[in-house]
Amino acid sequence: MKLTNRGRYAVMAMADLALFKDSGPINLTDISLRQNISLAYLEQLFIHLKENKLVKSIRGVKGGYALEKPASEIRLSNIFHAVNEEVKTLNCKKESKKGCNNKSIKCITHNLWDKLDTHINGFFENVKLEEIVKR
C-alpha cells in the first residue's frame with residue numbers, strides 16, 4: 001500500500017485542529033511543535049486544505065486555523081483528496097486496457113489487490129476525524 005507523508009501529516013494536522021478546537025484558532029507553529037511536522041510543509045498542506053474548504057484561516061493577533069465544519073462531518077477520504085493523496089494497492093490503473101505492468105493482460109493477483117484497494121479506500125471513507133480525536 002502506498003500512503004505518503006503528505007497524507008499522514010494532513011490527517012495528523014487536522015486531528016490536532018479538532019483536538020484543540022476549543023482553544024480558538026490554532027497557529028501552524030503550535031501544530032508543528034506538537035506533531036513534529038515541518039512548518040514549511042504544514043503551510044503547503046494548509047493551502048490545499050483551505051482550498052478544499054476543510055479549514056478556514058482567521059486573521060489577527062490571535063489568528064490561525066480552525067476546522068471549516070465539524071470533525072464529525074470530515075472523512076479521512078476528504079483529507080486525502082484535499083492534499084492530492086491517492087491510497088492505492090495496484091500498480092496499474094483499473095481502467096487501463098493494457099493490464100498490469102503494461103502487459104496485455106492483468107497479473108494473476110490483480111483481483112486480490114483490487115479488492116484490498118476497495119476495502120482500504122472504503123475504510124477511509126467511513127472513518128471521520130471525530131473518531132480519531134476520541135481515541
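Is Phe80 buried or exposed? With a relative accessible area of 6%, Phe80 is buried, where buried means under 20% relative accessible area, exposed over 50% and partly exposed in between, with a 1.4 Å probe and protein chains only.

Before the rest, a note on the source. This is a predicted model, in which local features need pLDDT of at least 70 and side-chain atom pairs count only at pLDDT 80 or more, while totals for chains, interfaces and linings use all residues. Residues are numbered from 1 along each chain as its sequence is written, and side-chain values use heavy atoms, leaving out hydrogens and water.

Now the rings. Rings of Phe, Tyr and Trp (its six-membered ring) pair if their centres lie within 6.5 Å; planes under 30 degrees apart are stacked, over 60 edge-to-face, and the rest tilted. That rule gives four aromatic pairs. In one of them, Phe46 and Tyr65 have ring centres 4.8 Å apart and planes at 55°, so this pair is tilted. Phe46 sits in helix H3 and Tyr65 in strand E2, 19 residues apart; helices (H or I, at least four residues) and strands (E, at least two) are DSSP runs, numbered from the N terminus. Phe46 is buried at 0% relative accessibility, and Tyr65 is buried at 18%.

Phe80 and Phe124 make an edge-to-face pair, 4.8 Å centre to centre with 80° between the planes. This pair joins helix H4 (residues 76-82) to helix H5 (residues 110-126). Phe124 is buried too, at 11% relative accessibility. Ring pairs also bring Phe123 into a cluster with Phe80 and Phe124.
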